[in-house]
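Welcome to this tour! Open your viewer, switch to a cartoon view, and follow along stop by stop.

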Amino acid sequence: MAHLWRRPGGSVPAAALRRIFLTGGRRASSSSSAAPPELPPFDHVPRPYKGMLGDEILRKRQRFLGPSIFYYYQKPLNIVEGKMQYLYDENGKRYLDAIAGIVTVSCGHCHPDVVDAVIEQSKILQHATTIYLHHAIVEFAEALASKMPGNLKVVYVVNSGTEANELAMLMARLYSGNLSMIALRNAYHGGSSGTIGLTALQTWKYPIPQGEIHHVMNPNPYRGAFGSDAVSYAKEVEDHINFGSSGNIAGFIAETFQGAGGAVELAPGYLKLVYDMVRKAGGVCIADEVQSGFGRTGSHYWGFETQGVIPDIVTMAKGIGNGLPLGAVVTTPEIAQVLSKKIQFNTFGGNPVCSAGGLAVLKVIDKEKRQEHCASVGSHLIERLKTLQQKHEIIGDVRGRGLMLGVEFVTDRKEKTPAKAEAAVLLEKLKDLGVLVGKGGLHGNVFRIKPPMCFTKDDADFLVDALDYAISGM
């Protein structure tokens with residue numbers, strides 16, 4: 001473990017990192033000698049930390065937790081406190097959280113409205129299943145349904161995005177009477193045995209039966225075979241239905257913005273074309289909104305709305321609870337009816353505490369106008385990142401919208417050669433400067449910038465200045 005930097009999908013040898021660190025100074029531009037940028041002022045004072053230190057936590061983690069658990073950075077951070085868009089380590093050092101707990105913290109770390117809702121409900125009733133009545137789950141479901149277009153009005157409350165996608169796949173198969181599911185390459189839909197089948201990144205997949213799941217080209221405008229030509233990508237789906245299936249399928253699932261795949265926004269118009277094909281083949285259309293929902297894209301409340309479509313089933317999690325273990329599936333009354341033929345039960349789905357927290361999240365997003373905020377701050381951040389792209393050849397692509405962005409690093413812009421080792425070094429450098437970002441893509445060469453939605457323009461400027469400083473010093 002000591003000689004590798006761990007990340008999902010593999011490790012970068014320490015020798016490669018040392019080589020870049022050691023040679024980087026020889027190529028540093030004059031700007032690298034300037035003072036590093038400073039975090040924007042913030043008036044929160046973290047509590048003195050008196051708990052277990054990081055080195056001991058790591059030893060115990062390696063002894064008692066599963067060996068598949070990975071961590072970022074050569075020396076992993078011990079994060080002990082969070083407030084809005086910032087995190088604090090055991091020494092009280094402040095970091096700008098630009099990945100939001102893997103796109104989970106929507107309102108902000110420890111947002112007072114969410115915290116108060118959770119505490120107040122915990123004082124009264126922490127748990128009751130749906131075999132009894134309780135107001136929290138119906139209030140939450142009603143508020144969530146009000147955010148959905150069309151006839152998407154029936155809510156199933158679950159605990160995670162993985163569970164939501166499992167349930168959506170079950171619904172699709174039962175409703176259609178077919179088995180074959182179509183998903184996109186480069187997709188991530190969860191880590192259970194069923195959703196691993198839907199997932200199409202080798203870094204997340206184990207060699208187990210996939211079970212009637214087929215993957216088609218992801219319409220990636222930057223790396224895809226057809227660029228931004230949605231018609232050609234959709235034709236490939238049609239060919240797959242005609243030649244790779246019986247002609248009848250259960251459903252099609254896609255993220256509008258592929259998250260773990262590296263913040264890839266699908267080619268414009270793609271989903272509208274594909275949804276028509278899928279429905280003609282007897283299937284239902286599932287939108288995975290686990291990362292792109294709740295106003296994060298700025299332009300729309302849901303990612304699928306950027307494509308001008310209404311799905312038959314929508315799955316969501318992560319930002320829905322601002323860190324609570326909460327997810328949901330929303331569908332039409334007709335599709336929901338198929339689950340009434342057997343007992344469908346979830347012990348913790350609709351838990352009063354999580355439901356109260358989920359309702360508080362929806363209220364905060366509306367009250368604080370977070371969708372509009374994401375649009376404004378995101379536009380500013382994208383503009384600055386694109387300007388930085390003109391300065392540094394290593395930035396191959398800047399993409400996304402709102403506060404759901406990706407920056408892809410390459411060693412050769414023409415060949416689009418993934419800058420895997422360089423991205424690992426930059427991740428470390430940004431951490432040292434006080435910025436925490438995510439990584440994604442098959443090669444781990446994409447920075448995922450998806451901060452809490454309270455992220456400001458000053459934060460955006462600091463992030464870009466820190467990235468500029470880090471690249472200039474390589």
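Before the first stop, a term: buried means under 20% relative accessible area, exposed means over 50%, and partly exposed lies in between (1.4 Å probe, protein chains only). This is a predicted model, in which local features need pLDDT of at least 70, side-chain atom pairs count only at pLDDT 80 or more, and totals for chains, interfaces and linings use all residues. Residues are numbered from 1 along each chain as its sequence is written, and side-chain values use heavy atoms, leaving out hydrogens and water.

**Stop 1: I57.** Select I57, which sits in helix 2 (residues 54–64); helices (H or I, at least four residues) and strands (E, at least two) are DSSP runs, numbered from the N terminus. Because its relative accessibility is 30%, I57 counts as partly exposed.

Stop 2: Now find the seven strands that form an open sheet with mixed pairing, in the order 6-14-13-12-9-7-8. Two strands pair if DSSP finds at least two bridges between them. Strand 6 (154–158) and strand 8 (213–216) stand at the edges with a single partner strand each, so one side of each has no neighbour in the sheet.

**Stop 3: strands 7 and 8.** Select residues 181–184: this is strand 7, which pairs with strand 8 in the parallel sense over four bridges. Look for L184, which stands opposite V216 in strand 8.

**Stop 4: helix 5.** Finish with residues 135–145, where the buried residues include F140 and L144. Which elements cover the buried residues of helix 5? Among them are strand 6, strand 13, strand 14 and helix 11 (352–367), with contact meaning heavy atoms within 4.5 Å.
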